[in-house]
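Let me put the structure up, and then I'll walk you through it.

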Amino acid sequence: AMIRYLKDKRLDSERNYLKLDAWYWASVFGNRYEHSTDTVSKQDYDKMIKWFNDDLAVPDFIKKFKPEDVDYDVSIQRSAIFKGVVSLIVLKGAKDFLTGQSPEYEREKVQLDHIFPRSKFSSRYRKEYIDSILNRTIISSNQRKMNKKPSEFFGSLIKDYGKDKVIEILETHLIPGDALGSLLNDNLEYFKEKRKRAIIEEIKR
């Protein structure tokens, strides 16, 4: 409805599409429509229309939204935050770990893979901790990754392609370059902290 309004009113400028992005991410990561969806949606629509026409009329819920306050350590796939992070990864590119190429997102081939596999770390961490979206990413196939520890899998990729290329691919999965050390050391806690920071920075962009 908002996109249609922008086009109908010829207000579909880059500035207003950035406002639309701000509304979307604040709504998703703020669980804006978890309750009273229709009422809140109508109120937000009216506020956004006003903002499209007046740069100073920033809706309060967007002003108050802080990505740093969001709990990203969620494992329930139907949650808005989980889905939101998946969307960010898709938008970032999520290149294939093995080829470095952009994947073809065929529904039957896409998988949400554990970066630190449950089979290797379940004795150290509870299931919800391992299943967190902070430990998941999109791949087209995990056949070669299988149940390898990150140190084994990414260590072999570095030997094959070099450190710089591996970092380049990791960054398309919202895994920052400074998280590579935690992968090579199989340090899940440190890795999740680094990934969380990368997600926050991506939302702020």
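So, what pattern does the chain follow, read along the sequence? It goes α-α-α-α-α-β-α-α-β-α-α-α-α. That's 11 helices and two strands, where helices (H or I, at least four residues) and strands (E, at least two) are DSSP runs, numbered from the N terminus.

Quick housekeeping. This is a predicted model, so local features need pLDDT of at least 70 and side-chain atom pairs count only at pLDDT 80 or more, while totals for chains, interfaces and linings use all residues. Residues are numbered from 1 along each chain as its sequence is written, and side-chain values use heavy atoms, with hydrogens and water left out.

Now the overall picture. The C-alpha atoms fill a box of roughly 55 × 35 × 30 Å along the principal axes. Of the 205 residues, 41% count as buried; buried means under 20% relative accessible area, exposed over 50%, and partly exposed in between, with a 1.4 Å probe and protein chains only. Take the contacts (heavy atoms within 4.5 Å) with a separation of 6 or more: 69% of them are between residues 24 or more positions apart.

On to the inside. A nonpolar core here is a set of buried Ala, Val, Leu, Ile, Met, Phe, Trp, Tyr and Cys residues joined through side-chain atoms within 4.5 Å. The largest one has 21 residues, and Phe97, Phe154, Leu170, Leu183 and Phe191 touch the most other members. The elements giving two or more residues to this core are H7 (127–130), H8 (150–161), H9 (163–171), H10 (180–184) and H11 (188–204). H9 has the largest share, four residues. Look at Leu170: leaving out residues up to four places away in sequence, Leu170 touches Phe97, Phe154, Ile175, Leu180 and Leu183. Apart from that core lies another, of 20 residues, with Val70, Val74, Ala94 and Ile203 among them.

Speaking of positive phi, which residues other than glycine have it? Arg10 is one, with phi near 55 degrees. Leu174 is also not a glycine, and its phi is about 60 degrees. Arg10 is in the loop between H1 (2–8) and H2 (14–29), and Leu174 is in the loop between H9 and H10. Are they buried or exposed? Arg10 counts as exposed because its relative accessibility is 76%, whereas Leu174 is buried, at 4%.

Last one: Phe116, in the loop between S1 (111–114) and H6. Phe116 counts as buried, since its relative accessibility is 0%. What does Phe116 touch, not counting residues up to four places away in sequence? The list is Phe121, Ile130, Asn135, Pro150, Ser182, Leu183, Asp186, Asn187, Leu188 and Phe191. Leu88, by comparison, is 28 residues from Phe116 in sequence and 20 Å away, C-alpha to C-alpha.

That's my tour, thanks.
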